[in-house]
Amino acid sequence: GRDLICIQSLDGMLMLFEQESFAFGRFLPGFLLPGPLAYSSRTDSFITVSSCQQVESYKYQVLAFATDADERQETEQQKLSSGKRLVVDWVLNIGEQALDICVVSFHHGVSSVFVLGERNFFCLKDNGQIRFMKKLDYSPSCFIPYCSVQEGTINTLIGTHSKMLNVYQDVTLKWATQLPHIPVSVKVANFQDLKGVIVTLSDDGHLQCSYLGTDPSLFQAPKVDSREINYEEMNAEMKELQKIIREATKTQDILPESEKQRDLTVTAEVSPDLDAESQATDSEVKAETVPSVSVKITIQSRVAVQKPSLAVCVQAPLAVTCDQFSFEDLEPDSSETVVLSVFLKGNCSPSELEGNCMVSYNIPTGIPRVAQCSFSLPLRLVCLPAQPSKAAAHKLTIDTNKPPVTFLTIFPDFVDASEGDQANALGFQFLTGSKTTLLASKTSQRYRIQSEQLEDLWLIAKELTRRLEEHFKKQNCKDFACTFSGSIPLQEYFELIDRHFELRLNTERFRELLSERAVQFRAIERRLLSRFKDRTPAPLQHLDTLLEGTFREVIALADAAEENQANLFQAFAKLKSATHLVIMLISLWQKLSTDQVAILEATFLPLAEDTQELGWEEAVDAAVSYLLRTCLSKSSKEQALTLSSQLCMPKDTSRLKKNITLFCDRLAKGGRLALSADSATQPAAGVPGGCATIPESELEERAAVPGSMAAFARHSHVTKQRSKP
């Protein structure tokens with residue numbers, strides 16, 4: 001009939017009270033910091049976790065007859081003579097600090113001591129032996145064992161710092177649920193008729209009572225009055241439903257009806273003028289001023305949408321001032337508008353002057369939807385007007401079927417109005433430093449584009465064809481067409497491929513060297529550490545000098561790898577621009593349709609970004625090889641050849657260059673691009689565009705005359721061994 005109270009102080013003293021009277025106090029041996037404390041009535045002992053990360057048990061009788069706490073400051077001789085020494089009943093090393101201890105004993109189970117550690121969960125017997133333990137892959141905050149309905153098992157609730165509550169049956173996870181807060185204490189209680197209520201306390205003092213499961217459904221369907229069935233009404237209703245089903249199955253639309261009128265639309269409007277004050281930040285371009293252009297994006301909602309988010313994407317080296325926007329829920333017939341700026345960040349010309357906007361949102365029914373649009377950027381964003389240059393290493397001529405148009409008409413933003421219609425030469429100075437010149441013939445219907453770099457021809461050629469098409473479209477001229485009758489600059493294109501592939505090989509070499517130097521650095525560190533730990537000093541034998549030298553090598557290799565990565569990025573941007581140019585020239589040369597140009601772009605531009613795991617060379621080689629064995633195949637034997645299912649980095653680019661050359665030759669002989677081999681046509685009798693054919697078999701290649709390739713690709717690069725004519 002008495003209440004016994006045990007209080008643990010911060011200095012390691014256990015004070016025991018009988019009712020309000022102080023009974024005695026004892027200091028725990030080897031005490032440093034207080035740990036969790038629990039009392040086991042079965043063994044009449046106190047169980048705690050010491051600073052040595054050990055579970056210790058002290059019997060009450062040993063505490064009562066041990067040395068009194070007031071005698072702690074006395075001499076050792078007096079301590080030995082004043083009473084018995086405080087000895088521990090049993091000890092278990094758990095190797096970590098404990099968060100809580102709980103002693104449970106249910107009517108159908110044995111007594112157990114549960115200890116919640118920082119990374120493990122222990123269940124001990126009364127004598128300190130481990131009954132079972134569970135390794136936790138999260139950070140626990142509190143726990144409580146409770147009675148299980150299964151014989152011989154104990155259920156445990158464990159709260160985590162990730163706001164989760166896990167239910168275990170011994171070591172098996174039975175259930176996991178989300179909490180609105182981090183629990184610091186959890187209990188299981190019964191309130192009137194509600195049993196098994198989980199009571200949790202948060203770190204900010206909020207108390208929550210909850211339970212697992214759902215609210216019981218108290219609805220009972222009323223009894224239906226029995227009545228006679230009217231078969232005529234049922235037949236009429238069935239016919240009406242069948243009519244509705246037939247009408248619904250007649251529609252052949254791919255998209256549902258609701259998609260015909262979009263719930264949300266996004267539009268992008270590019271400013272016609274550059275920003276008066278440039279918004280470019282952290283640009284690597286070495287020009288004096290880096291211009292920027294504003295883009296106004298409007299989101300128009302027809303219905304209520306939930307938390308729309310806008311993402312704006314432009315291809316590097318272009319960049320935007322802000323690419324992510326989040327909005328609150330939009331009401332029906334409401335809109336949101338954002339304004340951002342686009343500028344050139346990297347020190348190389350982009351391959352495309354386009355951007356994309358994408359809005360992701362949820363409609364009220366919870367279904368996720370996406371709306372997107374694209375926008376085109378002005379050419380003035382990446383280049384400026386300049387004086388035309390006569391000398392150039394790369395030239396190409398584009399023919400048209402209409403009289404030449406003055407540059408003042410199609411390039412008003414690059415031509416000085418004072419020159420009038422007399423300007424037949426136009427210069428473009430790119431921000432990266434290179435220059436391109438555009439010439440218009442006064443007598444023929446031709447335009448010439450020339451530059452020192454092959455990749456710089458692409459943006460000017462694209463802009464020229466686009467503006468010419470828009471000009472004649474405004475004049476209601478429907479038969480305007482551009483053609484190309486020159487030779488495809490494959491040799492110069494292959495030089496860009498080799499440069500890009502060489503930088504990829506350098507990346508692999510830098511990775512291997514960095515790995516070797518890192519292993520060497522760690523080995524030297526281990527040697528030095530063992531020398532420093534040795535009790536008998538030993539000479540370092542220049543290990544410190546070797547460590548410093550290895551460290552400098554690692555830093556130098558890392559800097560070289562970073563510089564190589566920047567060069568690889570620029571090389572890939574140049575390769576994409578040259579690839580766009582080659583695709584445009586092939587399409588103008590062979591007068592390909594829109595679908596065939598799409599196949600060509602998917603073949604030569606399969607990757608938006610270049611990586612070591614999947615690079616441009618192996619992806620394009622696989623795509624070109626597929627076309628050569630399907631729609632561009634010469635015989636059924638080629639169609640029967642199987643392609644490798646694995647894409648890996650090749651040893652060199654000879655196979656790729658050979659396949660690209662063969663691909664162009666098949667097109668020159670009349671082959672047509674299609675997604676099936678049935679569309680392959682027989683070679684035409686004449687070769688369009690005045691391009692000579694090339695041999696395709698290995699024997700023909702070795703016996704061929706080098707001059708047979710001159711009209712097609714300027715230099716021979718299919719094979720290195722050729723016999724003299």
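Guide: A salt bridge is a side-chain nitrogen of Lys or Arg within 4 Å of a carboxyl oxygen of Asp or Glu. This is a predicted model, in which local features need pLDDT of at least 70 and side-chain atom pairs count only at pLDDT 80 or more, while totals for chains, interfaces and linings use all residues. Residues are numbered from 1 along each chain as its sequence is written, and side-chain values use heavy atoms, with hydrogens and water left out.

Visitor: To how many salt bridges does the count come by this rule?

Guide: Side chains of opposite charge can pair when their charged atoms come close. Applied to this protein, the rule gives a count of salt bridges that comes to 20.

Visitor: Which residue forms a salt bridge with Asp-399?

Guide: Asp-399 lies in strand β28 (residues 394–400), and its partner lies in strand β31 (residues 446–451), so the pair ties together parts that are 47 residues apart in sequence; strands here are DSSP runs of E, at least two residues, and helices are runs of H or I, at least four, both numbered from the N terminus. The closest N and O atoms of this pair are 3.0 Å apart. The partner of Asp-399 is Arg-446.

Visitor: Is Asp-399 buried or exposed?

Guide: Buried means under 20% relative accessible area and exposed means over 50%, with partly exposed in between, using a 1.4 Å probe and protein chains only. Arg-446, at 44% relative accessibility, counts as partly exposed. The relative accessible area of Asp-399 is 12%, so Asp-399 is buried.

Visitor: In which helix do Glu-463 and Arg-467 both lie?

Guide: These residues form a salt bridge whose closest N and O atoms are 2.9 Å apart. Glu-463 counts as buried at 8% relative accessibility, and Arg-467 is also buried, at 11%. The two are four residues apart, about one turn of the helix, and the element that holds them, spanning residues 457–474, is helix α5.

Visitor: What N to O distance is given for the salt bridge of Glu-470 and Arg-466?

Guide: Glu-470 and Arg-466 both lie in helix α5, four residues apart. Glu-470 is partly exposed, with a relative accessible area of 39%, and Arg-466 counts as partly exposed at 35%. Their side chains meet at an N to O distance of 2.8 Å.
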